[in-house]
Amino acid sequence: MKNRMVLKVIMLIGLLVLSACGNKASTKEANNGGNDNRSNETVIFKLADIQPEGYPTVLGAQEFARLVEEKTEGRYKIDVFPGGQLGDEKSIIEEIQLGSMDFARVNGVPLTEFNDKIGALNLPFLFEDANEKWDVWLGDVGEEILSSFEDSNMVGLAFYDNGDRFFYSDAKPIKNLKDIKGQKLRVMESEMAIDTVEALGGSATPMSYDEVYSAIQTGVIDGGENSLPSVYTAKHYEVAEYLTIPGYQSVPEVLIGSQKVWNNLSDEDKKLFKEAAIESIDVQREAWDALVDESLEEIEKNGNEIIEINDLDAWKNAVQPVYEKYEVEYKDILDKIRH
Ligand code: BDP
């Protein structure tokens with residue numbers, strides 16, 4: 001009798017323990033949704049940008065980060081590191097490719113060396129105006145190019161504005177093709193960028209962005225080419241007196257991610273990250289337009305000379321060899337752009 005009681009008590013305890021374990025297991029499953037990415041722990045990623053705090057691309061990247069956190073209800077956070085804290089653009093791209101960097105905002109020109117399609121967008125005088133450019137970037141062609149980043153072990157998320165890129169120099173005003181001849185002009189690290197400046201008659205000098213100011217100041221180069229917000233915020237206008245308008249090229253800034261991070265996201269989260277990237281474009285563009293105006297105002301106020309090209313058709317003719325060289329490589333995309 002006594003033994004049966006003991007047995008019953010033991011069985012009861014056994015049942016209680018078993019049911020407690022069952023409860024624990026189902027709570028865990030409910031929390032996890034059967035998927036590791038749904039754990040309660042916040043996963044934190046890093047995003048690199050060489051531009052300083054407050055610059056439009058950084059504001060765009062911070063908006064992307066805010067939206068990712070909001071849309072994933074805090075499961076994912078992205079810390080944005082501006083001002084080149086995590087290295088120069090070329091090494092950032094290499095790290096994204098290797099998977100040792102999570103996300104970045106970089107320019108489309110250095111990406112030409114890492115991706116088969118984006119170079120098409122970096123050809124000089126490609127678009128009539130900003131509307132045509134944005135139609136292409138936000139349309140099927142833009143999406144095709146962003147998707148192709150998978151082939152380069154990266155993820156292309158969105159395009160941001162880089163406006164037009166202008167020549168500026170401290171040697172002499174560039175009014176026509178004769179003036180550009182022989183000037184040592186810094187370009188971004190890409191073969192097409194070198195070809196373009198050489199086709200215009202300049203002497204192209206590739207170097208990283210952070211070296212440009214002192215290279216002009218010390219006379220290593222005469223000038224470079226960049227957007228108004230970059231010439232202004234990097235203070236190149238302090239060392240280069242002459243700025244030439246209009247721009248000769250309109251390339252995208254690109255929000256990219258590493259394939260390694262991407263592969264670990266669920267399909268649902270990939271969609272949320274992509275939505276966040278696309279939605280962040282508005283913030284970047286608005287800040288961009290405001291900074292373009294402010295930059296021009298400040299550069300003029302500083303007393304720099306703004307020169308208008310007087311033989312624009314000759315410039316467009318001069319870059320034809322660049323089109324001839326790259327036409328075959330980018331034929332597919334170029335045909336679609338020209339429809
Ligand atoms: C700026 C871009 C930056 C590039 C830089 C450059 O925002 O990403 O690195 O040009 O010329 O306009 O290197």
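Tutor: Two strands pair if DSSP finds at least two bridges between them. Helices (H or I, at least four residues) and strands (E, at least two) are DSSP runs, numbered from the N terminus. The model is predicted: local features need pLDDT of at least 70 and side-chain atom pairs count only at pLDDT 80 or more, while totals for chains, interfaces and linings use all residues. Residues are numbered from 1 along each chain as its sequence is written.

Student: Which residue in β10 is the bridge partner of Asn107?

Tutor: Strands of a sheet pair through backbone hydrogen bonds, either parallel or antiparallel. Here, Asn107 has Glu253 of β10 as its bridge partner. Strands β3 (residues 103–107) and β10 (residues 253–258) run antiparallel and are joined by five bridges.

Student: In what order do the strands of the five-stranded open sheet stand?

Tutor: The order is β2-β1-β3-β10-β4, with mixed pairing. At the edges are β2 (76–81) and β4 (154–160), each pairing on one side only. On average, neighbouring strands of this sheet are turned by 25° against each other, direction ignored. Axes here are lines fitted to C-alpha atoms, for helices over the stretch in contact, and angles run from 0 to 180 degrees between N-to-C directions.

Student: And what is the strand order in the open sheet of six strands?

Tutor: That one reads β7-β6-β8-β5-β9-β11, again with mixed pairing. Its edge strands, β7 (203–206) and β11 (305–308), each pair on one side only. Leu185 stands opposite Gly223 in β8.

Student: At roughly what angle do the axes of α2 and α13 cross?

Tutor: Helix α2 (residues 56–71) and helix α13 (residues 267–301) cross at roughly 150°, and their axes come within 7 Å. The two are therefore roughly antiparallel to each other (under 35 degrees counts as roughly parallel, over 145 as roughly antiparallel, 65 to 115 as roughly perpendicular and the rest as oblique). Residues of their contact divide into 14 nonpolar, four polar and four charged. Ala, Val, Leu, Ile, Met, Phe, Trp, Tyr, Cys and Pro count as nonpolar, Asp, Glu, Lys and Arg as charged, and the others, Gly among them, as polar.

Student: Which residues does a cis peptide bond join?

Tutor: Most residues other than glycine have a negative phi, and most peptide bonds are trans. In this model a cis bond joins Ile245 and Pro246, with omega about -5°. Pro246 lies in strand β9 (residues 242–249). Asn153, a residue other than glycine, has a positive phi near 65°; Asn153 is in the loop between α6 (140–147) and β4.
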